[in-house]
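Have the viewer open as you read.

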Amino acid sequence: MRAEDDTSSDDTGSLDQAARQFMAARPQLFGIAYRILGSAAEAEDIVQEAWVRWQNTDRTVVKEPTAFLATITSRLAINLAQSARMRRESYTGPWLPEPVDTSADPQLGAERAEALDLAVLLLLERLNPVERAAYVLREAFDYPYKRIADILETNEAHTRQLVTRARKHLAAERRQPVGDGVHRRLLEVFLDAARTGSLSVLEDVLTDDVVSYTDGGGIRGASRIPVVGRPRVSKYLAAFAPRFWPPTEVRWVEANGRPAVLVTAGGNPVALLCADISARGIERIMWVMNPDKLAPYVASLTD
């Protein structure tokens, strides 16, 4: 009986240690999965699956728990991203990443707050999942190429090619963003102009090739195609201003490391307004209106 008690005690102690190791790594695991998937809900599912696998692993042979868990998480996220791509192709209207509140963890579990901006996550979605994972692990988590190669089950030279390809893609598609202070000031000007329907001011702050994305997930009133170009976007915003803005209130928040605007009506979230802003002006306007994406974000906000 005593031997059985000892065994039970050893198992409990081992599981307690496993839980401590997992919780220490958890922010990093979530950060990896979220950046690869662009979805907080899917990232949580991946982290839970990693915990189940960690419990069932022979942990006595694992020398570096965090590295082991990061490998599991990355591979699970890549697998899910491959199936998620097909689902998003049939998504109603433009798909935008699910926003996250980064006010408590600006880096979101990473070495650097890279691959976190909504616009970057949107562009990364155009890469294949393996390229995306290589870029995330290198740029956000500063993993050595050799370690990334081990995670991706490839060689170091190929890993370097994957990261280079991702960097070139982002550089070709996105201009250098401005700092947070300038970002907020220009977003304030845009918000005021959008609410009043001021065409002249809108045209002044938008770039020639601005794109407005509205992720409504099929809800009524959300544009089902991106609106492209300064004249079209300005007129589009001015046209819906009289019926969209009067019943709403706005609150400044932080989303994915950037100032953003939460729009509510009667205390209920209506939209999260995010923007990609360069020295030229506003490059991308991103309206997250899908209730399934808005609700978790709003619930995570600290008053």
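Strands (E, at least two residues) and helices (H or I, at least four) are DSSP runs, numbered from the N terminus. This is a predicted model, where local features need pLDDT of at least 70 and side-chain atom pairs count only at pLDDT 80 or more, while totals for chains, interfaces and linings use all residues. Residues are numbered from 1 along each chain as its sequence is written, and side-chain values use heavy atoms, leaving out hydrogens and water.

Let's start with strand S5, residues 268-278. Here are its two pairings.

Eight of the 11 residues in S5 are buried (under 20% relative accessible area with a 1.4 Å probe, protein chains only; exposed is over 50%, partly exposed in between).

Which residues have the most contacts inside the largest nonpolar core? They're Phe 22, Tyr 34, Leu 124, Tyr 143, Leu 152 and Leu 272, in a core of 68 residues. Such a core is a set of buried Ala, Val, Leu, Ile, Met, Phe, Trp, Tyr and Cys residues joined through side-chain atoms within 4.5 Å. Helix H1 (residues 2-37) gives the most to it, with 10 residues. A second, separate core has 28 residues, among them Val 263 and Ala 271.

Leu 272 touches, among others, Pro 99, Met 286, Trp 287 and Leu 294; contact means heavy atoms within 4.5 Å. Leu 294 sits in helix H11 (residues 291-300) and is buried at a relative accessible area of 2%. Its contacts include Leu 262, Pro 269 and Val 288. The C-alpha atoms of Leu 294 and Leu 262 lie 9.4 Å apart, with 32 residues separating the two along the chain.

Now for the helices: H5 (residues 129-139) packs on H7 (residues 156-173) at about 90 degrees, axes 8 Å apart. Axes are lines fitted to C-alpha atoms over the stretch in contact, with angles from 0 to 180 degrees between N-to-C directions. The two are therefore roughly perpendicular (65 to 115 degrees). Ala 134 and Tyr 135 are among the H5 residues that meet H7, whose side includes Leu 162 and Ala 166.

Technical notes
Parallel < 35°, antiparallel > 145°, perpendicular 65-115°, else oblique. Lists of a residue's contacts leave out its neighbours within four places in sequence.
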